Amino acid sequence: MRKLVVVRHGNYGYNMRLDESGHRQMLNLAERMKPHLDGLSIRMLTSTAPRAVDSTDVLVVELKISDIDRQEVLWSDNEHRQDNHAALDLIKSESVGVDVLIVVTHLEYAEELPALFCEEVLGVRIERFRFAKGQGLIVSCEEKTAEVIS
């Protein structure tokens with residue numbers, strides 16, 4: 001894997017589905033991601049939460065991704081316990097054979113997984129970023145750097 005991209009889902013409404021603002025956030029994020037993904041093989045993992053699935057659906061269309069998998073372990077909230085090491089193991093196993101792995105998830109994972117991945121897999125420390133809804137972070141595994149995309 002050359003790049004890990006971690007995305008926090010977009011804004012959502014009372015029904016837990018992506019709202020119009022969240023849809024626009026994902027469209028804008030996709031446009032900003034395109035230059036980083038051009039010509040690379042991509043696999044996408046998403047939380048099973050409706051707001052994350054909706055966010056993924058927008059990215060899939062805009063980025064023309066066909067390799068998608070929904071994973072319960074990537075959902076974190078009051079009813080879904082966060083398990084960073086299980087999520088990291090998932091990233092390691094799903095990154096085999098692709099240039100880019102995109103993970104669409106929630107605040108807790110978005111803020112903690114990139115730093116954990118960099119430390120445990122790449123052997124470098126990066127700062128923890130504060131994620132707004134609809135933002136992403138690209139980790140370059142070759143350069144061992146991270147860049148926020150919003």
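This is a predicted model: local features need pLDDT of at least 70, side-chain atom pairs count only at pLDDT 80 or more; totals for chains, interfaces and linings use all residues.
Me: Why is H9 called buried?
Reply: The cut-off is under 20% relative accessible area. H9 has 3%, so it counts as buried. This residue sits in the loop between β1 and α1 (20-37). Setting aside neighbours within four places in sequence, H9 is in contact with M26, R51, A52, S55, T105, H106, K133 and G134.

Me: And V98, why does that one get the label buried?
Reply: Same test: buried means under 20%, and V98 has a relative accessible area of 7%, so the label holds. V98 lies in the loop between α3 and β4. Not counting residues up to four places away in sequence, V98 touches M1, R2, S41, I42 and R43. How far is V98 from K133? The two are 35 residues apart in sequence and 26 Å apart in space, C-alpha to C-alpha.

Me: What makes β2 count as largely enclosed?
Reply: Five of the five residues of β2 are buried, so the rest of the structure largely encloses this strand. Both faces are covered, with I42, M44 and T46 on one side and R43 and L45 on the other.

Me: Which strands does β2 pair with, and in what sense?
Reply: β2 runs parallel to β4, joined by five bridges, and parallel to β3, joined by three. T46 is a handy residue to look at here: its bridge partner in β4 is V104, and in β3 it stands opposite R70.

Me: How do you know that β1 is mostly covered?
Reply: Six of the six residues of β1 are buried.

Me: What are the partners of β1, and are they parallel or antiparallel?
Reply: β4 pairs with β1 in the parallel sense over six bridges, and K3 stands opposite V100 there. β5 pairs with β1 in the antiparallel sense over five bridges, where V5 stands opposite I138.

Me: How do you know that the span of α4 agrees with its number of residues?
Reply: Helix α4 (residues 107-122) has 16 residues, and at 1.5 Å a residue it should span 22 Å; the end C-alpha atoms are 22 Å apart, so the two agree. There is still a kink of about 30 degrees at L113, shortly before the proline P114.

Me: Which residues of α4 are buried, and what do they pack against?
Reply: The buried ones are Y109, A110, E111, L113, P114, A115, L116, F117, C118 and L122. They pack against β1 (3-8), α3 (84-94), β4 (100-105) and β5 (136-140). After α4 comes G123, with a positive phi near 75 degrees.

Me: What makes α2 mostly covered?
Reply: In α2, 10 of the 14 residues are buried. They are R51, A52, V53, D54, S55, T56, V58, L59, V60 and L63. The elements they pack against are β1, α1, β2 (42-46), β3 (68-70) and β4.

Me: How does the reach of α2 (residues 50-63) sit against what is expected?
Reply: From first C-alpha to last, α2 reaches 20 Å, close to the 20 Å expected for 14 residues at 1.5 Å a residue. K64 follows α2, and its phi is positive, near 55 degrees.

Key. Residues are numbered from 1 along each chain as its sequence is written. Side-chain values use heavy atoms; hydrogens and water are left out. Helices (H or I, at least four residues) and strands (E, at least two) are DSSP runs, numbered from the N terminus. The expected span of a helix is 1.5 Å times one less than its number of residues. The bend at a residue is the angle between axes fitted to the seven residues ending there and the seven starting there. Buried means under 20% relative accessible area, exposed over 50%, partly exposed in between (1.4 Å probe, protein chains only). Contact means heavy atoms within 4.5 Å. Two strands pair if DSSP finds at least two bridges between them.
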